[in-house]
Amino acid sequence: MRAGAPHDLLNIARRQLRQLYKANTVDLLLADYALTMLQQVSELPYTRQPIPVNGSTAGQAFGAQHEFVERHADATATAYLPVTVRGDRLGVLTVTLPEAPGKDDLAELVKVAQALGHEIVVAERDTDLYLQARRAARLTLAAEMQWQLLPGRSCKRSEYDLGAQLEPAYAIYGDNFDWSTSADHLTLTVTNGMGEGINAALLTNLAINALRNARRAGIPLADQAALADQAVYGQHAGKLHLAVLLLRFELRTGRVEVIDAGSPRMWRQRGNTIETISFEDQLPLGMFEDTQYTSEAFQVRPGDRLIFVSDGVYDVASPAGERYGERALARAINLTRLLPAAQVPREILQQLTGHRTTTTVTDDAMVLCLDWHGGPSPVVAST
C-alpha cells in the first residue's frame with residue numbers, strides 16, 4: 001500500500017487479501033460527515049447504497065470499535081474491521097472469506113485495516129477519493145472550509161479520549177474546534193463563530209490559524225489569545241468577532257489553564273454529579289483593539305468527563321419557543337454517560353434534533369466530549 005497510488009489503496013488491499021486469505025469480496029466503508037451512514041469507496045462514490053450506522057453489523061463494528069465476524073448460511077463469513085487512526089474513526093473494512101477466520105487470521109486482518117487507515121490519512125493529501133466517499137450530500141462551500149480546518153473528529157491517548165461533532169454537517173456556519181497534543185500538554189480550542197456562510201467560515205479560519213500560529217511559536221496561552229485577537233481586529237476592525245474557549249491541559253497533573261473569551265460553555269460530569277463550570281468572562285477575539293487576556297486554572301481528575309457546547313446547542317428553541325436549556329442538556333449528558341467519548345457528541349446532537357423537531361436550522365451546533373483518564377502514576381522508588 002505504501003508503494004501504491006493514493007487512489008488505488010483499496011484495490012491493492014483487495015489483491016493482497018484475495019491472494020493471502022482467498023477473500024471473495026473486500027470493501028471499504030467510510031463514515032459520512034454526519035456519522036449516520038457508511039459510504040462505500042469507489043471511483044463513483046454516489047453510485048452505491050450507503051449503509052446506516054444504526055442497525056447494521058458494519059455500524060456496530062464502527063460504533064463499538066471492535067471487529068465482528070458474521071457467518072452466512074453457505075459457510076462463508078464476513079469480517080467487519082474498524083478502520084481507525086489514533087482514535088479517529090474513519091470507517092470499516094469488510095472482508096468476505098470462504099470460512100470464518102481463526103483467531104490468528106482475524107488478528108492479522110485487524111492489522112491490515114489499521115494499516116489501511118494510516119495510508120488513507122496520508123493519501124488524502126493527493127486524492128479526493130476518500131473525501132468524496134464520505135459525502136452523503138454536497139457540502140456548502142462554508143462547510144467545505146470548516147471541515148478542512150478540523151484536526152479530526154476523535155482522538156485517543158492514554159491520558160484522555162476526545163470526540164467532537166458539528167451539525168448540520170453539510171451546511172456549517174461558524175462553530176469549530178481544534179486540538180493539538182505534545183509530550184506534556186493538550187491544547188483545546190472551542191469556537192462559536194459570528195455570522196453565517198462564507199463570512200463566518202472566513203472569520204473562523206482566520207482565528208483558528210492565528211491561534212495555531214501563536215501556539216506553534218511556543219508562547220503562553222494568554223499571549224496566544226491576544227495575538228489572535230489582534231489578527232481578527234486588524235482584519236475586521238471590531239465589526240466581526242469570535243467567541244472562544246481556550247484550554248491547555250497538563251497531562252501529568254491534570255491542571256488546566258483556561259481563557260473564556262465568549263459563549264462556548266463547559267459541563268463536567270464527575271461521578272453522579274453533572275454541573276456547568278463557569279470562568280471569568282473576557283471579550284471575544286477581535287471585538288476591541290489590543291485586548292489583554294488573563295488565564296485562570298482548574299483541576300481535572302481521572303474519571304472526569306468534560307462536555308463543551310456552542311450556543312447552537314443550549315440556546316436552540318423548539319417550535320413552541322422553549323429553549324433546550326441546562327436541564328435538557330444535563331439529561332442528555334447523563335443518558336450518554338456509558339458511551340465512549342467519540343460517540344457522545346453524535347448522541348447529544350440527535351437529542352437536540354428531537355427537541356428542535358424542524359428542518360429549518362438557524363444556527364449550527366458543536367459538541368465536544370473529553371474523557372480524562374489522568375497521567376501515568378508516579379514511580380515509587382523501592383527501599
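Me: Which residues line the largest cavity?
Reply: This is a predicted model, and the linings are taken over all residues whatever their pLDDT. The count comes to one cavity of 30 Å³ or more, and the volume of the largest cavity is about 50 Å³. Its lining is made up of Leu35, Phe62, Asp88, Arg89, Arg153, Ser154, Ala164 and Ala342.

Me: How many residues of the lining of the largest cavity are charged?
Reply: The lining includes Asp88, Arg89 and Arg153, and Asp and Arg both count as charged. Besides these, the lining has four nonpolar residues and one polar residue, so that the division under this classification leaves a charged group numbering three.

Me: Which residues have the most contacts inside the largest nonpolar core?
Reply: The largest nonpolar core has 37 residues, and among the elements giving two or more residues to this core are helix H5 (141-149), strand S11 (243-250), strand S16 (305-309) and strand S17 (365-372). A second, separate core of 27 residues includes Val41, Leu90, Val110 and Ala133. Within the largest core, the residues with the most contacts are Leu247, Phe249 and Phe308.

Me: Leaving aside neighbours within four places in sequence, with which residues is Phe308 in contact?
Reply: Contact here requires heavy atoms within 4.5 Å. With neighbours within four places in sequence left aside, the partners of Phe308 are Leu188, Val190, Leu245, Leu247, Arg265, Met266, Met366, Val367, Leu368 and Leu370.

Me: Is the aromatic pair of Tyr33 and Tyr170 stacked or edge-to-face?
Reply: The structure holds five aromatic pairs, and in the one formed by Tyr33 and Tyr170 the ring centres are 6.0 Å apart. Tyr33 is in the loop between strand S1 (25-31) and strand S2 (37-40), whereas Tyr170 is in the loop between S8 and S9, 137 residues apart, and both residues are buried. Because the planes are at 85° and an angle over 60 degrees is the criterion, the pair counts as edge-to-face.

Me: Which residues do ring pairs link into a cluster?
Reply: Tyr33 and Tyr170 form an aromatic pair with each other. The cluster linked by ring pairs also takes in a tryptophan, and its members are Tyr33, Trp147 and Tyr170.

Me: How many residues apart in sequence are the parts that the pair of Phe249 and Trp372 ties together?
Reply: Phe249 and Trp372 form a stacked pair, at 5.7 Å centre to centre with 25° between the planes, and both are buried. Since Phe249 lies in strand S11 and Trp372 in strand S17, the pair ties together parts whose separation in sequence is 123 residues.

Methods:
Residues numbered from 1 in each chain as written. Predicted model: local features only at pLDDT ≥ 70, side-chain atom pairs only at ≥ 80, totals over all residues. Heavy atoms only, no water. Core = buried A, V, L, I, M, F, W, Y, C linked by side-chain atoms within 4.5 Å. Buried < 20%, exposed > 50% of the residue type's maximum accessible area, 1.4 Å probe, protein only. Helix = DSSP H or I, 4+ residues; strand = E, 2+ residues; numbered from the N terminus. 1 Å grid on protein atoms, 1.4 Å probe; cavity = no way out; pocket = protein on both sides within 12 Å on 5 of 7 lines; lining within 4 Å. Points joined across faces, edges and corners; volume = space filled by probe spheres on them. Phe/Tyr/Trp six-rings, centres within 6.5 Å; stacked < 30°, edge-to-face > 60°.
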